[in-house]
Amino acid sequence: QVITSLDVSDSISSGQAMRRLLEALLANSTLKELNVSNNMFDADAFTMLGEVVTPKKVQGNNIQIKFKKSLKLKKLVVNGCKMDGATAVYLAGALNGHFNTIQDLSLSNNLIEDVGAMAIGSMLYFNSNIHRLDLSWNQIKSAGSSGLCGNLEHNKSLTSLSMAWNGLYTEGGNQFANMLRTNQCLRELDLSNTRINSEVCMVLADCVCHNTAIR
């Protein structure tokens, strides 16, 4: 019998211990879901997290690329770990590739702010595997939403996005409205408690009515 899901949320009190756990998981080829929420991370632990989500190349040419027998996660939950913008940029870089296996990514209740959101937006332009993304409670404002929305206009894989409890205000709300005029893949969009006004809500409602994908 093999383990396919591991939840160690609210369990690890040192960055060193987290790094050792993630390092031990690198050689695991059966784990598909990992939840490390509300734990202590340091810089080395976040670096190891990037290693966890990056496929390990053995050899390659223009025709074929082979990978080591290693961790191939489908779902990663890193909520409430004080991840900052620079770390989010690094993680987005690790996820930026067609060979990445993550389909469900949750980074809720961190501190990625606009710089992290913009990097994740750029990653979504190239990543065709992620279907669900939770960026709620991350202090993202209009600059970050602009980076996300500009790239979501071209994304054809993301079906669920939560931006709840970010300060998008009028400008950010309008950016999502404009994105919905183009994007026909997103089915679920959570903009609750983002401080958008009634006028923007009307614009969003109109866009939703003309979008054939959004529920």
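Mentor: Gladly! Helices (H or I, at least four residues) and strands (E, at least two) are DSSP runs, numbered from the N terminus. This is a predicted model, in which local features need pLDDT of at least 70 and side-chain atom pairs count only at pLDDT 80 or more, while totals for chains, interfaces and linings use all residues. Residues are numbered from 1 along each chain as its sequence is written, and side-chain values use heavy atoms, leaving out hydrogens and water.

Trainee: Let me start with S106. In which strand is S106 found?

Mentor: Look at the run of residues 104-106. S106 belongs to that run, which is strand β6.

Trainee: And is S106 buried or exposed?

Mentor: Buried means under 20% relative accessible area, exposed over 50%, and partly exposed in between (1.4 Å probe, protein chains only). Leaving aside neighbours within four places in sequence, S106 is in contact (heavy atoms within 4.5 Å) with L76, V77, V78, N79 and D134. The relative accessible area of S106 is 8%, so S106 is buried.

Trainee: Now helix α1, residues 15-25. Within what arc do the buried residues of α1 fall?

Mentor: The buried residues of α1 are G15, M18, L22 and L25. On the other side of α1, R20 and A24 are exposed. The arc is taken from the directions from the helix axis to the C-beta atoms. Seen down the axis, the buried residues line one face of α1, because they fall within an arc of 85°.

Trainee: How are α3 and α4 oriented to each other?

Mentor: Axes are lines fitted to C-alpha atoms, for helices over the stretch in contact, and angles run from 0 to 180 degrees between N-to-C directions. The axes of α3 and α4 come within 7 Å and cross at roughly 10°. Angles under 35 degrees count as roughly parallel, over 145 as roughly antiparallel, 65 to 115 as roughly perpendicular and the rest as oblique. That crossing therefore makes α3 and α4 roughly parallel.

Trainee: Last one: which residues of α4 meet α3?

Mentor: From α3, the contact uses G85, A88, V89 and A92. Their partners in α4 are V115, G116, A119, I120 and M123.
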